[in-house]
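Please look over the sequence and the three-dimensional model shown here, and keep both at hand while reading the report.

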Amino acid sequence: MTVISNEPNPSSISSNGSSKSLWTNFRFMRMFIAYSLATFGDWFDALAIQVMVAYRWGADPLIIALIPVCMAVPGIVLGSVAGALADRLHKVKIMMICDVITVLLTIAILFAPSAAWLLPLLALRAMMGVFHVPAQQALTRQVVAEEHLFQASSLNGFVNQCSKVAGPLLGAVIVAVFSPQVCILINACTRLLSGVVLWPLRRLTEDPEPSASDGGPLETGETAESLYIQWQKGWRFIQSSRILLSTILFGCFGLMAILMIDYQFTTLFREIKPGNEALIGWLGSSAGAGAVVIILLLNRLPRIGYGWGLGGGYLLIGAGIGALGWISSQTSEFWIIIWGLCIGVGNGLFMVTLNYLLQKETPPAYVGRVFGIQNSLSSVVLVIAPLAGGALIRSVGPSPTFQYIGMATLAIGFAGMMLQRILWKGQQPLPAESTGELGQKTVRQP
């Protein structure tokens, strides 16, 4: 039986206490492969659903906007609770159960005859992601050594963006040759494989204490506390951490702007270049390619400044979105690819920095709760923003909406870069002292 404890982890920590290569950490690599399979399938699925709703069903922009709303509601209701459960229960089993249920729901989506059936199924499937993500992040924090956290975040971001390249490209071909339902079926298969890859880790015993690389033990009463008390402590911990609080609030402001048009690219292209269903695939692929390039560069760095990563990411995303608002029916597809690359570079820069920051600045026993709360707050934005974006598009049209949202996102990114000394002052882990009511001791990293 494999054990995660205060003993040195043989898959990530050598006998002298120094970390080996992340590639020799077989626990992380299994998680990485499972995540890769699931993410790859998701991008087939996302493209197929957008094409099916926007082109095959000819849905209204507000109906399209309801897709992310339905997917966000479970995160609002259950996000912070799911994070507390991830810190409390067996993380691998949570991930496996979520994969199995996702497969069943994805198969059900194949037979959805209309949006009235599709939206509830998407909401139920999104609920599985609400429980899966904090469990994965919390387990990553336990099995990965401190000095490998940035590399692990980069690798997860890398495979996510590679999926954005391969998924839409292959998905567009499959949609053109076969149907969106085939793409949805591929997602079900990859999710099933994800669960199979995680199966050997089902007996892994997860110690609630931090790993050896972090050193500080939890107080013994932590594991005996109720779920409600641990949920409260998660919120209090974020309120007590200036860096985490600034990051989550800054992320929500930028996310509000981006999500107003995130599901409306098909609406924009349907007006500018009607009949070209593959155009959304080219945009997604170029965005993924840009993110892959920046993540490969980031993977060579030990860390990145929070302000440059978060603010710079939003700045590039805003520039790309705003530029898409000025394209016309005569605009070459080459420029759509260029602005997609710009959006991708910004997205990769932001996401890697965000995940690394949340992992780095959070003690291992709180990672699940922090990611759960962050997911919950983001889901609130995900409900409000798409509806506002859909209403704005109906009012002023797709192109002006993209112009306004692009400029707003660019301004938020610029503000983050200029105010980074205020928002993210003192990029260091918490000092070695008891946090009192949080019931945890944290240790300053060397």
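## Basis of the report

This is a predicted model, in which local features need pLDDT of at least 70 and side-chain atom pairs count only at pLDDT 80 or more, while totals for chains, interfaces and linings use all residues. Residues are numbered from 1 along each chain as its sequence is written, and side-chain values use heavy atoms, with hydrogens and water left out.

## The chain as a whole

The protein chain contains 15 helices and four strands, where helices (H or I, at least four residues) and strands (E, at least two) are DSSP runs, numbered from the N terminus. Of its 446 residues, 58% count as buried; buried means under 20% relative accessible area, exposed means over 50%, and partly exposed lies in between, with a 1.4 Å probe and protein chains only.

A contact means heavy atoms within 4.5 Å. Among the contacts in the protein chain with a separation of 6 or more, 85% are accounted for by residues 24 or more positions apart.

## Cysteines

A disulfide is a covalent bond between the sulfur atoms of two cysteines, and the criterion used here is a pair of cysteine sulfur atoms within 2.5 Å. A search of the whole structure finds zero disulfides. Cys-183 is buried, because its relative accessible area is 0%, and Cys-342 is buried with a relative accessible area of 15%.

## Aromatic rings

A pair of aromatic rings is described by the distance of the centres and the angle of the planes. Rings of Phe, Tyr and Trp (its six-membered ring) pair if their centres lie within 6.5 Å, and planes under 30 degrees apart count as stacked, over 60 as edge-to-face and the rest as tilted. The search of the whole structure finds eight aromatic pairs. One of them joins Phe-28 and Phe-32, whose ring centres are 6.0 Å apart and whose planes lie at 25 degrees, so this pair is stacked. These two residues are four residues apart in helix α1 (residues 26-56), which means that about one helical turn separates them, and both Phe-28 and Phe-32 are buried.

Phe-265 and Phe-402 form an edge-to-face pair, with 5.2 Å from centre to centre and 70 degrees between the planes. Because Phe-265 lies in helix α9 (residues 265-272) and Phe-402 in helix α14 (residues 398-418), the pair ties together parts that are 137 residues apart in sequence. Both Phe-265 and Phe-402 are buried. Elsewhere, Phe-250, Tyr-314, Phe-350 and Trp-424 form one aromatic cluster.

## Two helices that cross

Two packed helices are described by the angle between their axes and the distance between the axes. Axes are lines fitted to C-alpha atoms, for helices over the stretch in contact, and angles run from 0 to 180 degrees between N-to-C directions. The axes of helix α10 (residues 279-298) and helix α12 (residues 333-360) come within 6 Å and cross at roughly 45 degrees. The helices α10 and α12 are therefore oblique to each other (angles under 35 degrees count as roughly parallel, over 145 as roughly antiparallel, 65 to 115 as roughly perpendicular and the rest as oblique).

Residues of α10 that meet α12 include Trp-282, Ser-286 and Gly-290, and those on the α12 side include Glu-333, Gly-340 and Gly-344.

## Two single residues

Ser-399 lies in helix α14 and is buried, with a relative accessible area of 15%. Not counting residues up to four places away in sequence, Ser-399 touches Leu-268, Glu-271, Ile-272 and Gly-325.

Lys-93, in helix α3 (residues 91-110), is partly exposed, with a relative accessible area of 44%. Lys-93 and Leu-198 are 105 residues apart in sequence, and their C-alpha atoms are 8.7 Å apart in space.
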